[in-house]
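Please look over the model shown here before reading the numbered points that follow.

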Amino acid sequence: MRFLIALLAIAGMVDSYMALRIHYQDPNAAPPCAVTEKFDCGTVNHSRFAVFPPTSFDEDPSSKKVHIPVATLGIIGYLLNGILALANRPWLTLQASEIGFGCAAMLSYLEAFVIEKWCIYCLWSQAIITAIVLCTIVWLFLNHRQRRVAVSP
């Protein structure tokens, strides 16, 4: 199960890299991922919520504030999940994936109700982190069951 989680983490890193690539792409060159009026990765990845902490409305573009792209945090989070899974640390993997799931859920909320546009890469990331959480829960259940069988006479 841990290898499946590591494979999902690699898929999540690739997905986050694709979103990061759009984040750094010039929005005036060509609208990236503008599929419909509701699905537009370019709008989402160039919004003020595409960085952490979010930029404020009156922030001077030349200010020295450090804003980390959310996709970079996604790459780091998936990398951490993969390392924890390969290190055979199911409880830490569950905690890390729950944090990632919470962050992805918050970003989905922002897409749905604030930006009112959806990013295909963000939806894939939500699906991948959900799969990681579910696989980790199954992994913990199987470990617990295996220990119960080993202890019983």
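1. Two terms are needed from the start: a residue is called buried when its relative accessible area is under 20%, exposed when that area is over 50%, and partly exposed in between, with a 1.4 Å probe and only protein chains considered. Helices (H or I, at least four residues) and strands (E, at least two) are DSSP runs that are numbered from the N terminus.

2. This is a predicted model, in which local features need pLDDT of at least 70 and side-chain atom pairs count only at pLDDT 80 or more, while totals for chains, interfaces and linings use all residues. Residues are numbered from 1 along each chain as its sequence is written, and side-chain values use heavy atoms, with hydrogens and water left out.

3. As to the overall fold, the protein has 5 helices and 2 strands, and from the N terminus on these elements follow the order α-α-β-β-α-α-α. Along the principal axes, the C-alpha atoms fill a box of roughly 70 × 35 × 25 Å. Of the 153 residues in the protein, 34% are buried. The accessible surface, computed by the Shrake-Rupley method with a 1.4 Å probe and, for residues, with only the protein chains shown counting as cover, comes to about 9,500 Å², and 69% of this belongs to carbon and sulfur atoms.

4. A contact here means heavy atoms within 4.5 Å.

5. Helix α5 covers residues 120-151, which is 32 residues, and it reaches 47 Å from its first C-alpha to its last, close to the 46 Å expected; the expected span is 1.5 Å times one less than the number of residues in the helix. Its buried residues include Tyr-121, Ser-125, Ile-128, Ile-129, Ile-132, Cys-135, Thr-136 and Trp-139. The cover over the buried residues of α5 includes α1 (2-24), α2 (41-45), α3 (70-86) and α4 (90-115).

6. Helix α4 can be checked in a similar manner: at 1.5 Å a residue its 26 residues should span 38 Å, and its end C-alpha atoms are 35 Å apart, which agrees. Among the buried residues of α4 are Pro-90, Leu-94, Ala-104, Leu-110 and Ile-115, and the buried residues of this helix pack against α1, α2, α3 and α5.

7. The peptide bond from Phe-52 to Pro-53 is cis, with omega near -5 degrees, and Pro-53 is found in the loop between β1 and β2 (68-69). Asn-88 has a positive phi of about 60 degrees although it is not a glycine; Asn-88 is found in the loop between α3 and α4 and is partly exposed, with a relative accessible area of 43%. Glu-116, likewise not a glycine, has a positive phi of about 60 degrees; Glu-116 is placed in the loop between α4 and α5 and, at 47% relative accessibility, counts as partly exposed.

8. How is the lining of the largest pocket divided into nonpolar, polar and charged residues? The lining holds 23 nonpolar, 10 polar and 2 charged residues, where Ala, Val, Leu, Ile, Met, Phe, Trp, Tyr, Cys and Pro count as nonpolar, Asp, Glu, Lys and Arg as charged, and the others, Gly among them, as polar. α4 gives the most to this lining, with 11 residues.
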